[in-house]
Amino acid sequence: MTSAQPVRHAEAYRCGRLYAAVAALQRLAQNEHHGLGQPGAAEKAAARPEPQLREPLREIVHYLVQARIRGQGAAADPVFRSLTDFLPPAKNVPTSLNPDERPDFHRGREDQAALIAKEHPPRK
């Protein structure tokens, strides 16, 4: 394992957490029919995070506003504030992840989704 590999794996994990947070905001804004929640979307993002997250990241403030309008502000606000923790420091979201990094992406996504669900359970 080269010294760059642990950094790339940590970056993949961070991308997974970012994906989960953006997907949660989309869900709070648009209900269950949001783009990042569609079948296969997470697999595509694990392979190519930046292309899959580009448009949703551009729309992130819109998702926050829509979630507030829908009465989901209490859940959306902390998720929105957490996004800066998952953005890569001083550089872009990776364009692609190697197959050996993708499990780290999925682990990050699952960990963050579980944390969001625990802190802000879906309303029934």
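H106 has its place in helix α6, where helices (H or I, at least four residues) and strands (E, at least two) are DSSP runs numbered from the N terminus. The model is a predicted one, in which local features need pLDDT of at least 70 and side-chain atom pairs count only at pLDDT 80 or more, while totals for chains, interfaces and linings use all residues. Residues are numbered from 1 along each chain as its sequence is written, and side-chain values use heavy atoms, with hydrogens and water left out.

At 14% relative accessibility, H106 counts as buried. Buried means under 20% relative accessible area, exposed means over 50%, and partly exposed lies in between (1.4 Å probe, protein chains only). Not counting residues up to four places away in sequence, H106 touches A42, E43 and A46; a contact here means heavy atoms within 4.5 Å.

The length of α6 can be checked against expectation. The expected span of a helix is 1.5 Å times one less than its number of residues. For the 18 residues of α6 this should give 26 Å, and the end C-alpha atoms are 26 Å apart, which agrees. Helix α5 has 14 residues and reaches 20 Å from its first C-alpha to its last, close to the 20 Å expected. Its buried residues are G73, A75, A76, V79, S82, L83 and F86.

In the protein there are six helices and zero strands, and read along the sequence they follow the pattern α-α-α-α-α-α. Of its 124 residues, 40% count as buried. Among contacts between residues at least 6 apart in sequence, 80% join residues at least 24 apart.

H9 is buried, with a relative accessible area of 17%. Leaving out residues up to four places away in sequence, H9 touches D100, E101 and D104. The C-alpha atoms of H9 and D104 are separated by 6.1 Å, although the two residues are 95 apart along the chain.

The next topic is the interior. In soluble globular proteins, nonpolar side chains tend to be buried together. A nonpolar core is a set of buried Ala, Val, Leu, Ile, Met, Phe, Trp, Tyr and Cys residues joined through side-chain atoms within 4.5 Å. The largest one here has 30 residues, of which L18, Y19, V22, L25, L53, L83 and F105 touch the most other members. At least two residues of this core come from each of α1, α2 (41-47), α4 (60-69), α5 (73-86) and α6 (102-119). The largest share, 11 residues, is supplied by α1. As for V22, leaving aside neighbours within four places in sequence, this residue is in contact with L36, L53, P56, L57, I60 and L83.

Y19 and F105 also deserve a look as a pair. The structure holds one aromatic pair. Y19 and F105 form this pair edge-to-face, at 5.7 Å centre to centre and 65° between the planes. Y19 lies in helix α1 and F105 in helix α6, so the pair ties together parts that are 86 residues apart in sequence. Rings of Phe, Tyr and Trp (its six-membered ring) pair if their centres lie within 6.5 Å; planes under 30 degrees apart count as stacked, over 60 as edge-to-face and the rest as tilted. Y19 is buried at 2% relative accessibility, and F105 is buried at 0%.
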